[in-house]
Amino acid sequence: TYMNLDTPETKVTVVGDLHGQLFDLLHIIDSSGMPSPTNKYIFNGDFIDRGQYGVEVMCILIALHCAMPEQVVLNRGNHEDFAICNAYGFQVECLEK
């Protein structure tokens with residue numbers, strides 16, 4: 001995915017390793033602002049596993065990306081691999097919720 005950063009007033013927030021920490025995600029968005037044409041986000045994988053809110057974090061990130069694909073980029077991390085998310089409990093979390 002290519003993110004155009006041609007304008008000097010464009011802010012980019014790079015986020016990595018949320019690991020299902022919903023309150024961390026909400027704090028980041030609250031501190032940095034909602035995505036917009038001048039406020040872009042790059043989420044560098046490991047959205048799920050370990051934290052208890054992996055499903056909620058993933059739903060928010062997918063919704064943001066679908067609503068604003070030019071402003072929200074999602075890069076898959078190793079925890080988004082089927083075998084790893086199985087081993088660390090994301091599949092069970094999905095089935096339980």
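Q: Is Glu-56 buried, exposed or partly exposed?
A: In this predicted model, Glu-56 is partly exposed, with a relative accessible area of 26%.

Q: What does Glu-56 form a salt bridge with?
A: Its partner is Lys-97, and the closest N and O atoms are 2.8 Å apart.

Q: How many salt bridges does the structure hold?
A: Two. The other one joins Glu-93 to Lys-97, with the closest N and O atoms 3.0 Å apart.

Q: And Glu-93, buried or exposed?
A: Glu-93 counts as buried because its relative accessibility is 10%, and buried means under 20%.

Q: Which residues end up in one network?
A: Glu-56, Glu-93 and Lys-97, joined by salt bridges that share partners.

Q: New topic, the sheet. What is the strand order?
A: The order is S1-S2-S3, in an open sheet of three strands with parallel pairing. Strand S1 (11-16) and strand S3 (72-75) are the edge strands, each pairing on one side only. From one strand to the next, the twist averages 15°.

Q: How many bridges join S2 to S3?
A: Four, with S2 covering residues 39-44. Across from Val-72 in S3 stands Tyr-41.

Q: Which strands does helix H1 touch?
A: Helix H1 (residues 22-32) packs on the sheet and touches S1 and S2. Its direction makes about 155° with that of S2.

Q: What about helix H2, where does that lie?
A: Helix H2 (residues 54-67) lies across S2 and S3, running at about 130° to S3.

Technical notes: Residues numbered from 1 in each chain as written. Predicted model: local features only at pLDDT ≥ 70, side-chain atom pairs only at ≥ 80, totals over all residues. Heavy atoms only, no water. Pairing = 2+ DSSP bridges. Helix = DSSP H or I, 4+ residues; strand = E, 2+ residues; numbered from the N terminus. Axes fitted to C-alpha atoms, helices over the stretch in contact; angles between N-to-C directions. Contact = heavy atoms within 4.5 Å. Salt bridge = Lys/Arg side-chain N within 4 Å of Asp/Glu carboxyl O. Buried < 20%, exposed > 50% of the residue type's maximum accessible area, 1.4 Å probe, protein only.
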